[in-house]
Amino acid sequence: MKICIVGPGIMPIPPVGWGAVEILIHDLRCELEKAGHEVVIVNVEKKEDIVRQVNEATADFVHIHYDNHVSIVPHLNCRKVAVTSHCPYLESPNKWDVPYQQIVSQFLTSGADVFALSPGIANVYKRIIEQNAGNKNLRLTAEKVHVVHNGARTELFKYREKPVYFDRTLCLAKVEPRKRQRLFQEIESLYFAGNLADDQFDASSQRYLGEWSKQHLYENLTDYANLMLLSDGEAHPLVCMEAMSAGLGLVLSEFAHGNLDLSMPFIDVIPESLVSNRGYVQRVLVENAVKSVGMRDKIREYAEEFAWSNVVENVYLPTVDQIMKRS
């Protein structure tokens, strides 16, 4: 099968540094090619160039990974098209601004299938479909909404049975208001890594480790006991899968646990009502670190459920085949 993947057109694929969507697209391409499929990536910014390059690719299936590009769907020669949105606030319609509401309306009328990154996101689309049942231009149905979550290159991550820093939690993410790192800088066991995009965050702190390269990430993530991600919006964060691949437990916000089995003892969720309670958060981080250090092999085993090889074989390609067989 020939598959064309459309990227945002903002940075290279693979990215030189940060860029979760670009990393996911690259890793997906690698796994699809391993499975014997031909993959073409179109990663340009201008929509007329996207349309031209996608049509020139003459692919059997087109997968768009940027919701701003959903408007190109009616202009594509290929009629087997899916769109994935990586918007972190998809499960929080109250946070959608007017431009994003307009993008969502284009999802309803474009004719493309939707690859939702989590069951919660899929349910949002289905509710919107129900609310627009009387819209004569509606082309999206519940049957065209599929849960297709992300994967991770689990094999790239170094794994230690015991961490170097058994009492340290790492917050690995772009430092920005959505991730809320600045609220937790006083927690002494918490270290931060990521490119800086929040002027209220104290970058002079010795516990701010700067931006990590991918190679540094692969080799050094396993040194920590657990990972914290307390964002106020996420879809299916890649960093959670990466952390588990390296043996780390997880302390997450209510918005950051998409697709994860919360019965796993090494995953703790901070209720949104308690996120601002620094003492409570610190206590959970410490308790989670102790638990997680003692079950790193189990964490690593669970991470394999999100290995790209597993996701492509058991989730991605079966969904694509389902779309291809539909008349």
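Predicted model: local features only at pLDDT ≥ 70, side-chain atom pairs only at ≥ 80, totals over all residues.
Helix α2 covers residues 47–57, and its buried residues are I50, V51, V54, N55 and A57. Looking down the axis of α2, these buried residues sit within an arc of 155°, so they line one face of the helix. The face turned away from that buried side carries E48 and E56, which are both exposed. As for what the buried side packs against, the partners are the strands β1 (2–6), β2 (38–42) and β3 (61–64). Just past the helix, T58 takes a positive phi of about 45°.

Helix α3 can be read in much the same way. It runs over residues 98–109, and a quick check on its length works out: at 1.5 Å a residue, its 12 residues should span 16 Å, and the end C-alpha atoms are 17 Å apart, which agrees. Y100, I103, V104, F107 and L108 are the buried residues here. Seen down the axis of α3, they fall within an arc of 155°, so this helix also has its buried residues along one face. The cover over them includes β4 (81–83), β5 (113–116) and α4 (119–131). At the start of α3, D97 puts a side-chain oxygen within 2.9 Å of the backbone nitrogen of Y100. Just after the helix, G111 has a positive phi of about 95°.

In total the model has 11 aromatic pairs. Elsewhere among the rings, F61, F115 and Y316 are linked into a cluster by ring pairs.

In soluble globular proteins, nonpolar side chains tend to be buried together. In this model the largest nonpolar core has 55 residues, and L32, L172, M244, L250 and Y316 have the most contacts inside it. Helix α9 (residues 308–325) gives the most to this core, with eight residues. Leaving out residues up to four places away in sequence, M244 touches L250, L260, F266, I299, R300, Y302, A303 and F306. Apart from this core lies another, of 37 residues, and among them are I64, C78, Y100 and L108. Two of these, Y100 and L108, are among the buried residues of α3.

Note on methods
Residues numbered from 1 in each chain as written. Heavy atoms only, no water. Helix = DSSP H or I, 4+ residues; strand = E, 2+ residues; numbered from the N terminus. Expected span 1.5 Å × (residues − 1). Buried < 20%, exposed > 50% of the residue type's maximum accessible area, 1.4 Å probe, protein only. Arc of directions from axis to C-beta. Contact = heavy atoms within 4.5 Å. Polar contact = N/O pair within 3.5 Å; in protein donor to acceptor, adjacent residues only side chain to side chain. Core = buried A, V, L, I, M, F, W, Y, C linked by side-chain atoms within 4.5 Å. Phe/Tyr/Trp six-rings, centres within 6.5 Å; stacked < 30°, edge-to-face > 60°.
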